[in-house]
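Hello,

Here is the structure I promised to pass on. Please open it next to this email and follow along.

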Amino acid sequence: MWTTVWFLIGGAALAEPAADPVAWSVHAEHIRQMGQDRPLERRSYPRPSAPPPSPDVTVYGYHPYWGPDPTTLDFARLTHLAIFNVDLNSDGTLSDTHRWTDVAGDVVPLAHAEGVSVQLCVTSFEDDVMASALSDPSKRATTIAELVELVDAYGADGVNVDFEGLDYELKDDFTAFIEELYPLVAELTIAMPAIDWTGAYDFDRLAMSSDGLFIMGYGYHWTGGNPGPVAPLFGGDPWSDYSLEWTVDDYLTWGATQDKLILGLPLYGHEWPTASDAVPGTATGTGWSVVMSSADTIADSEGSQWDETSLTPYVLRSNSQLWYDNTESIQARIQWAVDQELQGIGFWALGYETESSGFWEMVTEETSWTGDDPDDPDDPDDPDDPDDPDDPDDPDDP
């Protein structure tokens, strides 16, 4: 059985950045929650009864080292898989590489058999480490050489760079690192903040020197603040204007293009202790994270409500509030991303949804439409196709 509740102490800040950038990184907090490094638990993902159709947009998934056995993934529902994580050291070398080497040899051939790209995720969440490694060209070269060697050794496809809480002073150094790495790997994806508080990420240059910007579209309400939607699709009363819609518009405003944006979505929620069930509420202490499967179980047992502003489900208790995303709310976000003609969508993190019935069937339905695309001029079932014999608006149609 999947662990039901994880106690964390951070997410991404909403109104203003936390004093310590690591405190508002969901990825970093989930690493810390796992505690001491340990061997992979060989639990399995559920498998479908029949092969699903391949996605027509990017469907990107992070697989954390604490997740179920990655060799049992339903690869056909994905286009890209990021193996999370190896870590950056201040001298430019990499650590925790066993999290890649322990699984890559088995995972890469299975993923490739389904047409899925596999990327090695390298992380850094520490200011002093990034300042040391990124500001020195020789250390950047060391990092790049080690990444390329690890990727090539297993016939993998590229790298996912997840450096969070970047200081503004490192903006050009980080961009230089990306520009130096990009020509040396077949694929390069960058994990990007929902809100770039410090202005340290050069959206347009990073978009030009990568194959995709994975927007970490979660943590808009963090566990150190007050309860609310973790990944609001839209902003507005009673919430802030910050939302997935706001974030995508910000990226486009500052030079990123739709074809480079991957909207990352959360497969978890947060629960906060509160003095009442008032919405918006006031937290009486630090919140914690709840994976989607567990949140669904709680909602099925206790009942849930729906926030119409952000399109988010929540559960109210007398002394706590649980805000999370479920199959319905994720579906709305995927539909929106597809309508915006983004490159695609993605998830943090694979394994959090394993007991949520119908989730992947929904993802496939919303991301796979080859054969019945209403915008495809060669689709024989397209009612606006001039060659369609049943087109009621065709003057030549008898």
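**Ser320 and its contacts**

Start at Ser320. Setting aside neighbours within four places in sequence, Ser320 is in contact with Glu271, Trp272, Pro273, Thr274 and Val315. Ser320 lies in strand S14, which covers residues 320-323. Its relative accessibility is 4%, so Ser320 counts as buried. Keep in mind that this is a predicted model.

**The whole chain**

Now zoom out. The chain has 11 helices and 15 strands. It holds 398 residues, and 58% of them are buried. Take the contacts between residues at least 6 apart in sequence: 70% of these join residues at least 24 apart. The accessible surface comes to about 16,000 Å². Carbon and sulfur atoms account for 48% of that surface.

**Aromatic rings**

How many aromatic pairs does a search of the whole structure find? There are 22. One of them joins Tyr62 and Trp348. Their ring centres are 5.6 Å apart and their planes stand at 70 degrees, so this pair is edge-to-face. The cut-off for that label is over 60 degrees. Tyr62 is in strand S2 (residues 58-64) and Trp348 is in strand S15 (residues 344-348), so the pair ties together parts that are 286 residues apart in sequence. Tyr62 is buried, at 0% relative accessible area. Trp348 is also buried, at 0%.

The charged end of Arg99 sits over the ring of Tyr65, 3.8 Å from its centre.

**Helix H11**

Strands S2 and S15 come up again here. Helix H11 runs over residues 359-367 and is mostly covered, with 7 of its 9 residues buried. Those residues are Phe359, Trp360, Met362, Val363, Thr364, Glu366 and Thr367. Their cover includes S2, S15, H10 and helix H9 (292-302).

**Helix H6**

Next, find helix H6 at residues 171-181. Its buried residues are Lys171, Phe174, Thr175, Ala176, Phe177, Ile178 and Leu181. What do the buried residues of H6 pack against? The list has helix H4 (127-134), helix H5 (137-153), strand S6 (158-163), strand S7 (187-192) and helix H7 (203-208).

**Salt bridges**

The structure holds 10 salt bridges.

- Arg77 bridges to Asp74, with the closest N and O atoms 2.7 Å apart. Arg77 and Asp74 are both buried.
- Arg140 bridges to Glu180, with the closest N and O atoms 2.9 Å apart. This pair links distant parts of the chain: Arg140 is in helix H5 and Glu180 is in helix H6, 40 residues apart. Arg140 counts as buried, at 7% relative accessibility. Glu180 is partly exposed, at 32%.
- Arg205 and Asp172 meet in a salt bridge of 3.9 Å, N to O. This pair also links distant parts: Arg205 is in helix H7 and Asp172 is in helix H6, 33 residues apart. Arg205 is partly exposed, at 28% relative accessible area. Asp172 is exposed, at 51%. Salt bridges with shared partners join Asp172, Glu179, Asp202 and Arg205 into one network.

**Backbone details**

Now turn to the loops. Which peptide bonds are cis? One runs from Asp237 to Pro238, with omega near 5 degrees. Pro238 is in the loop between strand S8 (212-216) and helix H8 (244-253). Another joins Val279 and Pro280, with omega about 0 degrees. Pro280 is in the loop between strand S10 (268-273) and strand S11 (288-291).

Check phi as well. Leu311 is not a glycine, but its phi is positive, at about 60 degrees. It sits in the loop between strand S12 (305-307) and strand S13 (312-316). Glu341 is another residue other than glycine with a positive phi, near 60 degrees. Glu341 is in the loop between helix H10 (327-339) and S15.

Is each of these two residues buried or exposed? Leu311 has a relative accessible area of 18%. Buried means under 20%, so Leu311 is buried. Glu341 has 58% relative accessibility. Exposed means over 50%, so Glu341 counts as exposed.

Best wishes

Key
Residues are numbered from 1 along each chain as its sequence is written. This is a predicted model: local features need pLDDT of at least 70, side-chain atom pairs count only at pLDDT 80 or more; totals for chains, interfaces and linings use all residues. Side-chain values use heavy atoms; hydrogens and water are left out. Helices (H or I, at least four residues) and strands (E, at least two) are DSSP runs, numbered from the N terminus. Buried means under 20% relative accessible area, exposed over 50%, partly exposed in between (1.4 Å probe, protein chains only). Contact means heavy atoms within 4.5 Å. Accessible areas come from the Shrake-Rupley method with a 1.4 Å probe; for residues, only the protein chains shown count as cover. Rings of Phe, Tyr and Trp (its six-membered ring) pair if their centres lie within 6.5 Å; planes under 30 degrees apart count as stacked, over 60 as edge-to-face and the rest as tilted. A charge sits over a ring if NZ of Lys or CZ of Arg is within 6 Å of the ring centre and within 35 degrees of the ring normal. A salt bridge is a side-chain nitrogen of Lys or Arg within 4 Å of a carboxyl oxygen of Asp or Glu.
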